[in-house]
Amino acid sequence: VKIVSVRAKTCRIETQLYNARGSRTQSAVTLLAAVTDVVRSGRPVIGFSFSGTGFLPPTAQLQDRFSPRILALGDRELDLEPAAFDPAAALAAITKGEKFGGDAERSTAVGTLEVAIWDAVAKIAGLPAYQLIAQKYGRDEIKHKIECYVGGGWYGPKKTTADLHDEVARYLELGYRTVKVKVGGLPVKDDLARLDMVLSQVGDPSRLAVDANSALGPDRRSAYAQALKGYNLRWFEEPAHPNDYQANADFIAEYGNPVATGENQFSLEELRNLVRYGGMRPGKDLLQWDIPHCYGVEMTSRIIAMLADYGWSVDSMFPHGGNQIALNACGAFGFGACEAYPDAFGAFSGYADNLKVQEGFISLGDWEGFGFEAQSELFAEMKALVPEYYS
Ligand code: MG
C-alpha cells in the first residue's frame, strides 16, 4: 500500500484578529491530500491534513521537496498497510537527507505530510486516528473525555470592552469554562480592566488564562509579572521570545504562578532546551507544542519520552491548535487539555460538527482517521482539493 499522488495548496483565512504583536489578518494554512492505491467504494482512500494555524503555510516545501520524496518510494520502502505501517520509518523517509537545525523551515511541512499518512493508514484500518496512534505506541487507554478551553479575547481596532464581555458570555453559553484572553496589546492598566471584567464573568481565576504571544520586552514583561502575580490565573502564556530561554526563566522567577509556552518550538531539541534552560517547572507549568508544526505524531511520541526524562507528565502537555489533529492526539497520548477558537480561523479551527463542549469538556467521536469528514466546512475545502474523486 502506497501513496500515488499528493496535492497541496495554500488557503487564505479571512480574520480580523489582533494579538499583542499586531495583526493576524494574513493567516493561511496548507491543505494537503495524499491519495493511496487502496480503493474503497469506488474511490481511493485519501489521507487529508492541514498545516494548523499560527504559522506560515509550508506549501512550497511540500510541493518541491517532501511530496516528491514520498512519491519516489515503493511500498517495500514504506508500506501503509496498517499492520506493517512503521511511523518511525515514515518520518525517516520524509526527512531523508535533511540537515540538522533550522527546524522551523521544514518541521510544519513534514508534520503536515506525516499527519496525512496517519489519516490514510487509520482509514484503511477502519479506525479513528486516536485508536491507531494508541496501538502503535502501546498506549492501551484512550482518554475519551478531554478538558477543552477556549482561546479568544483578541484585540481589534474597533473592539470595545463591551464586545469582549459579549464574546466571553457566548463562550460560557457554548459550554466552555476556562477562557484564555490576549494580553500585552494595551497599557498594563487597560489590560487589567479587561481581565477584571472577564474574571467577574468566569467566576474564578483558575478559569482564566492569558496569552502575550511573545510580544513583551524586558520592561513590560516585568510589569506584567508584578501586576498579575496576585491574580492566581490558570496560566500566563508566552511571556518571552520563544528562543529567549533566559527571559522565560526570569519571568517565571518573578511571576511565580503557572506559565505555558512551546507553541513556537519546532523540534524535540528546541523543546528540550526550553525545559533545560527556560525555568519551566514540571507539575506546575505547561508545554504547548503544535503537533504538525513539530514534525507530527511520531515526533510527538519521542517528545513525550524526552520530557518524561525531565520529570514531565502528559497532564502538563496542552497541544496547540484547536483542531481534530490535536484532539485525536489528546485521546491517544492522554494530554491534559486541548484548546478551541470558535471565532478565529474559520473552517480551519474547531472540531467535528456534532461535538459539543459540556462543562468545559469535549468527548471523542467515532470517526475514521482524524475525522475531518465529520467537520463539514473543513471537509468541503478538502474535497475541493481532489474534486475528481468527489464528483
Ligand atoms: Mg498562544
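**Helix packing and a magnesium site**

Helices H7 and H8 are roughly parallel to each other, a term for angles under 35 degrees. Their axes cross at roughly 25° and come within 9 Å. Axes are lines fitted to C-alpha atoms over the stretch in contact, with angles from 0 to 180 degrees between N-to-C directions. H7 spans residues 218-228 and H8 residues 245-255. Helices (H or I, at least four residues) and strands (E, at least two) are DSSP runs, numbered from the N terminus.

The model is predicted; local features need pLDDT of at least 70, side-chain atom pairs count only at pLDDT 80 or more, and totals for chains, interfaces and linings use all residues. Residues are numbered from 1 along each chain as its sequence is written, and side-chain values use heavy atoms, without hydrogens and water.

On the H7 side, Arg221, Ser222, Ala225, Gln226 and Leu228 make the contact, defined as heavy atoms within 4.5 Å. Their partners in H8 are Ala247, Phe251, Glu254 and Tyr255. Five of the contact residues are nonpolar, two are polar and two are charged.

A magnesium ion is coordinated by Asp211 (OD), Glu237 (OE) and Glu263 (OE), at 2.0 to 2.3 Å. Donors are N, O and S atoms within 2.8 Å of the metal (3.2 Å for Na, K and Ca). The donor residues follow the spacing D-x25-E-x25-E. Asp211 lies in strand E8 (residues 208-211), and Glu263 in the loop between strand E10 (259-261) and helix H9 (268-277), so the pair ties together parts 52 residues apart in sequence. Asp211 is buried at 2% relative accessibility, where buried means under 20% relative accessible area (1.4 Å probe, protein chains only). Glu263 is also buried, at 11%.

Conventions. Angles under 35 degrees count as roughly parallel, over 145 as roughly antiparallel, 65 to 115 as roughly perpendicular and the rest as oblique. Ala, Val, Leu, Ile, Met, Phe, Trp, Tyr, Cys and Pro count as nonpolar, Asp, Glu, Lys and Arg as charged, and the others, Gly among them, as polar. Buried means under 20% relative accessible area, exposed over 50%, partly exposed in between (1.4 Å probe, protein chains only).
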